[in-house]
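Good morning, everyone, and thank you for making time for this.

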Amino acid sequence: MEYTQNIQKDDDVIDLLGLLRALKKRLWLIILCALIGGSGAWAYSHYMLTPQYTASAMLYVLSNETTLTSIADLTIGSQLSADYKTIINTRPVLKEVINQLGVDMTYRQLRGKLTIANEEGTRILTLTVVDPDPQMAKRIVDQVAVSASDYIGDIMEMIPPKIIEDGEVSYTPIAPNHKKNTLLGIMVGIALVCGIVTVRFLMNDTVRTEEDVERYLGLPVLAAIPKRSRQRRNKNQGDSPAKESQGKR
């Protein structure tokens, strides 16, 4: 009964030193899995993932007819920016872009490639397109800017927003991030081994040391038998027949 109570009492106690020793014994395995995970992630990032490129264009929100004397509040800029962002993402604008470029994609796919940002305190919209082809990214973002400007002018019956900067071809991919993916693979390898070692350590409830005897059984250790090495044990076994032959003589 006392033995069971001691075990239940120590169920929530983790031997951190013992766990560290177990991890230290498997240090070679941790390093090996870290190398395998990092190498695998690097290879996957380089050879399996498709590089992605971006191109950006800028639209000026307020037209020449919209001045501070014709608006009731300075917040008109942000309000128009929100309206423009919604209109640019509408189906008619995106379908017009697809028809003009003759590309094989749906307007939903095009919408997934397009990002619209409005820097706080400005009346400028930044249109960004992500595509595996840097030339195509520029063509799409330029056409989105033109089609959106024309459509907004027709719908809102005002001078269309001005294109202040068109897209530029960039041959530097924004994704994948090889360093990030490699580090992630290393971390996954280390975490996997450490997790397995920790679970095996926590599941192992055998009595291994004198401290375990006192902890689980509540009994003091009076003596301990030292563990003999295999070489010494074999030597003793080899000397026994010689001693017996000498005794017979």
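I will go through a helix pair, then a threonine in a strand, and lastly a proline in a loop.

Please keep in mind throughout that this is a predicted model.

Let me start with the helices, where I would ask you to find helix 5, which covers residues 91–101, and helix 7, which covers residues 134–156, and to see that their axes come within 9 Å and cross at roughly 130 degrees.

Which residues make the contact? From helix 5 they are Pro92, Val93, Glu96, Val97, Gln100 and Leu101, while helix 7 brings Arg139, Ile140, Gln143, Val144, Ser147, Ala148 and Tyr151.

Now to the threonine, Thr128, which sits in strand 3, residues 124–131. What does its side chain meet in a polar contact? The partner is the side chain of Ser56, at 3.0 Å. Leaving aside residues up to four places away in sequence, Thr128 touches Thr54, Ala55, Ser56, Lys113, Leu114, Thr115 and Val141.

Finally, I would like you to look at Pro176, which is placed in the loop between strand 4 (162–165) and helix 8 (178–203). Is the peptide bond from Ala175 to Pro176 cis or trans? In this model that bond is cis, with omega near 0 degrees.

Notes: Residues are numbered from 1 along each chain as its sequence is written. This is a predicted model: local features need pLDDT of at least 70, side-chain atom pairs count only at pLDDT 80 or more; totals for chains, interfaces and linings use all residues. Side-chain values use heavy atoms; hydrogens and water are left out. Axes are lines fitted to C-alpha atoms, for helices over the stretch in contact, and angles run from 0 to 180 degrees between N-to-C directions. Helices (H or I, at least four residues) and strands (E, at least two) are DSSP runs, numbered from the N terminus. Contact means heavy atoms within 4.5 Å. A polar contact is a pair of N or O atoms within 3.5 Å; within protein, one must be able to donate a hydrogen and the other to accept it, and residues adjacent in sequence count only if both atoms are side-chain atoms.
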